[in-house]
Amino acid sequence: MQEVDEREECGMYFIPHLGVYRSDKKTSKLRVVFNASSATTNGYSLNSLQYNGGVAQNDLFSIMVRFRKHIFAFIADVQKMYRMIWINTDQRKLQRILWRENMDEPIKTFELSTVTYGTTSAPFLATSTLKQLALDEAGNFPLGSSVVMSDMYIDDVLTGAETLLEAKELKNQLINIFAKGGMVLHKWCGNNTELIEVSENYDFSDSSEIKVLGVYWNPKHDCFSFRVKIDLHELNTKRDVLSTIARIYDPLGLLGPVVAKAKIFLQKLWMLKIDWTDLLPDTINREWRQFVESLQVVNDININRCIVVEQPEVIELHGFSDASQSAYGAVVYCKSITSDRKMLVHLIASKSSCAYQANNDSQT
């Protein structure tokens, strides 16, 4: 940021901000939060007048599915991505803040010079910049460019290759392509030690478990796991039920039967037409407590990340669907076979939904 004169200008905006401290974070314990949705005296905020730009990257589901096809897999993210991208100088007056180092100094006016977290356009500006970087460097780094275009979610890279040699070459190309944009990849982690970068700030080489786009990944055993925190002593209200179900984060549907049962229970609860703070009726409450107690078993489930055998000669996709009076769903499996008939079958993803209840006001 740069200090500027305090004189009034047409079309400027001051962004309220504060620091949020998270002691449980391994990185970025203190993060500055900017509230560009705060309205000015004329009733408008910066965010209310900005376009969000749309989505410049692939969806999370597609990226996670592709991440499962690699024999050698690794992840990384762009260090301080937003701070590495300049904002047009004519637009910086819309990113002014008030700041002083300590209570004894006078308040000064600054303009933020880079993409700012908390503004509506920030995700699009940052991700479209990455895509442009990939296009510009496609001739020099074809492997890296392809990954930046298709296998990035905001600032996270999830990728890999069929051989260790290819994976190492891809890693080097990614490092170089981001260096061309003045950016650094860090927090490296992979299922092979040669794909891990160890720095003095972040060492994930001995990490048993890390979070990958909200899902836990154990790179040493190369499997996904789930962590659902349940408080059995909570009062069981409609709000508590919804809060507990929301903790089951499963973008690929690997816990399909569990999620389907939770949806069915929520639909049944919705039909009771009780308020959010009302305690559950005794019969429903007993059913819910049984489900919550069994839900803890989810924390013991491990699912292989990789869904293909090494050097497959044949890869088949098998889909199944079924329905009952309560719900309907579909699953897709990957079957891969080597030339010597070694075979591997793994679940790729599933989807489910509750069946429509005619006596219900709305469909779940």
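**Group meeting talk: cysteines, rings and helices**

Okay, let's start with a cysteine: the sulfur of Cys334 has its closest cysteine sulfur in Cys306, and that one is 8.7 Å away, too far for a bond. Before I go on, please keep in mind that this is a predicted model.

The cut-off is that the two sulfur atoms must be within 2.5 Å. By that rule the count is 0 disulfides. And where do the cysteines sit, buried or exposed? Cys334 is buried, with a relative accessibility of 3%. Cys354 is buried as well, at 1% relative accessibility.

Now let me zoom out to the whole chain. We have 364 residues here, and buried residues make up 40% of them. If you count up the secondary structure, you get 7 helices and 16 strands. Along its principal axes, the C-alpha trace spans about 70 × 60 × 35 Å. What about contacts along the sequence? Take the contacts between residues at least 6 apart in sequence: 67% of those join residues at least 24 apart.

Phe265, Trp288 and Phe291 are linked into a cluster by ring pairs.

While we're on rings, have a look at two lysines. Which ring does Lys171 lie over? That would be the face of Trp188, at 5.2 Å from the ring centre. Then there's Lys238, which lies over the face of Trp270, this time at 4.1 Å from the ring centre.

On to the helices. Helix H2 covers residues 122-136 and helix H4 covers residues 164-180; these two pack at an angle of about 110°, and their axes are 10 Å apart. Who meets whom at the crossing? On the H2 side it's Leu130, Leu133 and Ala134, and they meet Ile177, Phe178 and Lys180 on the H4 side.

Staying with helices, let's pick out Leu143, which lies in helix H3, residues 142-150. Leu143 is partly exposed, at 40% relative accessibility. What does Leu143 contact beyond its neighbours within four places in sequence? Those partners are Glu169, Leu170 and Gln173.

Another helix residue for you: Lys263, found in helix H6, residues 256-271. At 30% relative accessibility, Lys263 counts as partly exposed. Compare its position with Gly144: Lys263 and Gly144 are 119 residues apart in sequence, and C-alpha to C-alpha they are 40 Å apart in space.

Lys80 has a positive phi of about 45°, although it isn't a glycine. You'll find Lys80 in the loop between strand S4 (72-78) and strand S5 (96-99). The other one is Leu213, again not a glycine, with a positive phi near 50°. Leu213 sits in the loop between strand S10 (210-212) and strand S11 (215-218).

So which way do these two go, buried or exposed? Lys80 is exposed, with a relative accessible area of 60%, whereas Leu213 counts as buried, at 13% relative accessibility. The cut-offs behind those words are under 20% for buried and over 50% for exposed.

Terms used. Residues are numbered from 1 along each chain as its sequence is written. This is a predicted model: local features need pLDDT of at least 70, side-chain atom pairs count only at pLDDT 80 or more; totals for chains, interfaces and linings use all residues. Side-chain values use heavy atoms; hydrogens and water are left out. Buried means under 20% relative accessible area, exposed over 50%, partly exposed in between (1.4 Å probe, protein chains only). Rings of Phe, Tyr and Trp (its six-membered ring) pair if their centres lie within 6.5 Å; planes under 30 degrees apart count as stacked, over 60 as edge-to-face and the rest as tilted. A charge sits over a ring if NZ of Lys or CZ of Arg is within 6 Å of the ring centre and within 35 degrees of the ring normal. Helices (H or I, at least four residues) and strands (E, at least two) are DSSP runs, numbered from the N terminus. Contact means heavy atoms within 4.5 Å. Axes are lines fitted to C-alpha atoms, for helices over the stretch in contact, and angles run from 0 to 180 degrees between N-to-C directions.
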